[in-house]
Structure formats: structure tokens, C-alpha cells
Amino acid sequence: MALKRSLVPQSVYRRQLAARLRELRDAAGLTLTEVAEQIEINQGSLSRIETGERGTTPVLVRALLDCYGVEDPAQRADVLDLVRADKEQQKPWWRKYSTVLTATRYDGYLALEAGAVSMANYQPMLVPGLLQTEDYARAVISQMRMELTAPQVESLVKVRMERQNSRLGGEQPAKLWAILDEAVLRRTIGSAEVMRDQLRKLMETSEQPNTTVQLLPFELGAHPGLYGPFVILTFSDPTPNLVWLENPKNSVYLEAADDVDNYTEIFDQLRACALDPSETRTRIARISKELDQ
């Protein structure tokens, strides 16, 4: 299985730019060596730009477009917009929280999530961050990262709430399909009151047009999700999809097509096994009532 590790993964825009520049060079029938000689750039640097390992500048991209014979103003503008967007994404809203994000490479995930058009999230243990209440998030973060001070915990809670506003709200919200094991709802996080509020939020959010929530009931027994949690991030073409696997100290993402296809198949199997959204809300409501007993 191909694993690619990076503290801050390439931005979505950089990956799109890299693919576009490769396409234009191929269409022009030029090799990396020929281009490097014509515009007097180091071949290794050009290669890293085409793989998305490094960014570039509008000046250099204009030179490349000239070399490739790209004269159409609209086409040139589209490519240059990717350069500017990549630079803007290097200054994200979560940078002010970098001291508490870097330890788990969470900032890398946020960079990816910010550009995704949809997310498929399977969670066997916890409510996904995009669906958590503040109190639930605070209880989870403080217990899972006991080395953090109270102010650091609050910073991460703010990050989680801002993620929700950024990705599930606004004029163009991303789509979220979340599949939860029933254990997520049965495990009391914080207190019974915290869980009641959390279950209420799950039911309310699941009725939004861009959010789907399904539950894997206990009676199902073993299922393909027992290997652990994962998130599949889907991007606009031509950017390839990827899978994010979170670990305490060294989270990774998988971008090989075989890996993404494998997790997509697992997610599809889980969707087929799970209660449908309406049945899920009924089950959540039942579990919530049990907390009152």
C-alpha cells in the first residue's frame, strides 16, 4: 500500500496546476529538458513544479505558457488563477492555531478538507468532527490529548467549530456522508446531557440537504469497517481523490488509485449494510430517550 507522508500536503490548487502544466507541455510535444533549456530553468525545479512538490510564480508560469504556445487569454488566465489560489491557500484561517495542530498533522488534513467538494467519513468510535457540538468536542479533545492546557483545548474546539461553518455552511457547502457505528452513540462522552445535545445535533444536521448520516446497528455484527476510521476526500476534476487516515502522531493520506478504490468499495459496502437515513434518525431518537431513563 502506497503511503505518502507530508506535514502540509500539496494544496488542491497546486495539484491542479501541476497536472495542467504537464498536459500543456505534452500537447506542445516538448520534454522537460527542452523546456528547461528554452526558458533557462533548472530541470529538477521544473520537474518538482509538475509533480506539485513545489509552488511557482506568475512570472515563471507566463514563460511556460509562452513556451507551450498558449495564446488564448482565457486559458492563460485560468492557469494563472491556479498559481494565485495556491499562494492564498498557504495562508489558511487555521494557521493561527498551528502550535496545537502540528502535533498530529491536523493542519495537513485541514488544507485538504478546505478544497474538497465532498467527504465520505466512517467513524466507529466518535462523532465526526464536522458534526460535533462544542461540549462534545471539548470532552473528546481534553481526554484524548491530556498533555494540552485548557487554552490549547479551547483553541482546538474553535478550530472544529470553524471547520463546520466553513465546510458545511456558506453559499457552496461541501457534501458530507457520515457512517457511524452504534458504539459512537452508546459511548457516553462528557455526560448524559452532553450526549443528548450531541444526538440532537446529529438528527438536525442529518436533515440538511448536504449531509447524510447512517448508522451501523449492533445487530449487524462484524462488518468491513472494523479495520478502523477513514475519510475519503473528493475534489473537482482533474484533482484525484484521496483517503485520510488519522493517527496520534503521524497521520497519513493515501492517493494511489488502488488505495482510494479500495476504501471507496469499503464505504459503499458500509452504506449498503447501514440503516437508511430515516431509520438512523429513528434509532438516534430512541437512544436519546434511553439517556433520560
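Which residues does Thr 205 touch, leaving out those up to four places away in sequence?

Modeller: A caution first: this is a predicted model. Apart from residues up to four places away in sequence, Thr 205 touches Leu 131 and Thr 211. Thr 205 belongs to helix H11, which covers residues 192-206. Its relative accessibility is 14%, and because buried means under 20%, Thr 205 counts as buried. A polar atom of the Thr 205 side chain lies 2.8 Å from the backbone oxygen of Lys 201.

Now the rings. Three aromatic pairs turn up in a search of the whole structure. In one of them, the ring centres of Phe 230 and Tyr 263 are 4.9 Å apart and the planes meet at 65 degrees, so this pair is edge-to-face. Phe 230 is in strand E4 (residues 230-234) and Tyr 263 in helix H12 (residues 257-273), so the pair links distant parts of the chain, 33 residues apart. Phe 230 and Tyr 263 are both buried. Phe 230 also pairs with Phe 267: with centres 6.3 Å apart and planes at 75 degrees, this pair too is edge-to-face. Since Phe 267 lies in helix H12 and Phe 230 in strand E4, the pair ties together parts 37 residues apart in sequence. Phe 267 is buried, as is Phe 230. Ring pairs join Tyr 122, Phe 230, Tyr 263 and Phe 267 into a cluster.

Charges also sit over rings. The charged end of Arg 271 sits over the ring of Trp 177, 4.7 Å from its centre. That of Arg 15 sits over the ring of Phe 235, at 5.3 Å from the ring centre.

Technical notes. Residues are numbered from 1 along each chain as its sequence is written. This is a predicted model: local features need pLDDT of at least 70, side-chain atom pairs count only at pLDDT 80 or more; totals for chains, interfaces and linings use all residues. Side-chain values use heavy atoms; hydrogens and water are left out. Helices (H or I, at least four residues) and strands (E, at least two) are DSSP runs, numbered from the N terminus. Buried means under 20% relative accessible area, exposed over 50%, partly exposed in between (1.4 Å probe, protein chains only). A polar contact is a pair of N or O atoms within 3.5 Å; within protein, one must be able to donate a hydrogen and the other to accept it, and residues adjacent in sequence count only if both atoms are side-chain atoms. Contact means heavy atoms within 4.5 Å. Rings of Phe, Tyr and Trp (its six-membered ring) pair if their centres lie within 6.5 Å; planes under 30 degrees apart count as stacked, over 60 as edge-to-face and the rest as tilted. A charge sits over a ring if NZ of Lys or CZ of Arg is within 6 Å of the ring centre and within 35 degrees of the ring normal.
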